[in-house]
Amino acid sequence: MRLIFGVDIGGTTIKFGKFTEELKLLEKWSVETDLSDYGAHIVPQVAEVLSAHMKEQKIRKEEVLGIGMGIPGPVTSGGYVEKCVNLHWTGFNPVTELQKFFPGFVIRAENDANVASLGEYFQGAGRDASSMMMVTLGTGVGGGVILDGKILTGAHGIGGEIGHIATDPTQEETCNCGNKGCIDQCASATGIVRKAEKLLKSLDQASVLRELETLTAKEVCDGAREGDELSVRIIEECMYPLGVGLAHFSHAFDPEMYVIGGGVSLAGEVILDAVRKGYEAHLFLTGKGADIRLAELGNDAGVTGACALIAKE
């Protein structure tokens, strides 16, 4: 049996997974990311953790098919990262750096949202679809497009970045990207809290949210699931613009399925209902549209997709 290691590098933790060639997860673990010296120690840290695991498990180099990595930023040809703010990388290639520790190994890297999409496509909610887009709702909004098993990265590595499509004209603040009205500003955890604070201040409506000392997106989602009317309104106003964006994507790429993942998606059907409203109201060229469903792999999507970079190339 040959093995593949999947590595999902984040600004807080690095997740590791050991898989078979058939993408069966055998073992997973994580470590805190070493961000010191502007991220200079991250790749050596990955190498050290993998080397230690191989030594402990008596895994020979010949048994390893390759190593796949998910990176929280745009990744271009050959694994090159022009800029990755969360890891403090600029003009850096983690593939060639990791290859120094594992000469002869097949090593691949892709954007983390793209590899999570790949994981859901092969082993999760999208396994029955030929084309799929995954949308991750976390601190920000990310996305990845899979067509016939291949990631659509685009000419500059920003394919699938649905978070920065402007669909919400009510937004007054400028997004981190410099635009206004981005989906990232409303459908993210940050956007949900911003909307909640705004409505709590402008309305007298009773809500369980008024009883909280600290307001988080999870609290708003929990309130919506429990039927709190203001919480439901907040979720609907935040997720409707995402549905509009998905309709625009359908007109351009017409994927068979949308998979919604990330921490905010744990709210479940209350999220999907609001997204579908925006989607159905702005889809005009076909009556059927795409299937919109929740992701299945959770935190394992990234390491699974990273392995798929090797197993399915």
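This is a predicted model: local features need pLDDT of at least 70, side-chain atom pairs count only at pLDDT 80 or more; totals for chains, interfaces and linings use all residues.

I placed Ser131 in strand 8, which covers residues 131-137. I then followed its side chain, which reaches the backbone nitrogen of Glu256 at 2.9 Å. Leaving out residues up to four places away in sequence, I listed the residues that Ser131 touches: Tyr121, Ile146, Leu147, Asp254, Pro255, Glu256 and Met257.

Next I turned to helix packing. At what angle do helix 6 and helix 7 pack? I noted about 70° for helix 6 (residues 189-202) and helix 7 (residues 217-225), with the axes 8 Å apart. The two helices are therefore roughly perpendicular to each other. Helix 6 contributes Ala189, Ile192, Val193 and Ala196 to the contact, and helix 7 contributes Ala217, Val220 and Cys221. By class I recorded 7 nonpolar residues there, with no polar and no charged ones.

I then looked up the largest nonpolar core, which has 41 residues. Ile192 is one of the residues with the most contacts inside this core, and Leu137 and Met239 are also among them. Elements that each supply at least two residues include strand 8, helix 6, helix 7 and strand 11 (257-261). Helix 8 gives the most, with 9 residues.

For Ile192 I set aside neighbours within four places in sequence and found contacts including Cys186, Ile235, Cys238, Met239 and Val264. Finally, I noted another core lying apart from the largest one, with 30 residues, among them Val43, Val81, Ile107 and Ala109.

Definitions and conventions:
Residues are numbered from 1 along each chain as its sequence is written. Side-chain values use heavy atoms; hydrogens and water are left out. Helices (H or I, at least four residues) and strands (E, at least two) are DSSP runs, numbered from the N terminus. A polar contact is a pair of N or O atoms within 3.5 Å; within protein, one must be able to donate a hydrogen and the other to accept it, and residues adjacent in sequence count only if both atoms are side-chain atoms. Contact means heavy atoms within 4.5 Å. Axes are lines fitted to C-alpha atoms, for helices over the stretch in contact, and angles run from 0 to 180 degrees between N-to-C directions. Angles under 35 degrees count as roughly parallel, over 145 as roughly antiparallel, 65 to 115 as roughly perpendicular and the rest as oblique. Ala, Val, Leu, Ile, Met, Phe, Trp, Tyr, Cys and Pro count as nonpolar, Asp, Glu, Lys and Arg as charged, and the others, Gly among them, as polar. A nonpolar core is a set of buried Ala, Val, Leu, Ile, Met, Phe, Trp, Tyr and Cys residues joined through side-chain atoms within 4.5 Å. Buried means under 20% relative accessible area, exposed over 50%, partly exposed in between (1.4 Å probe, protein chains only).
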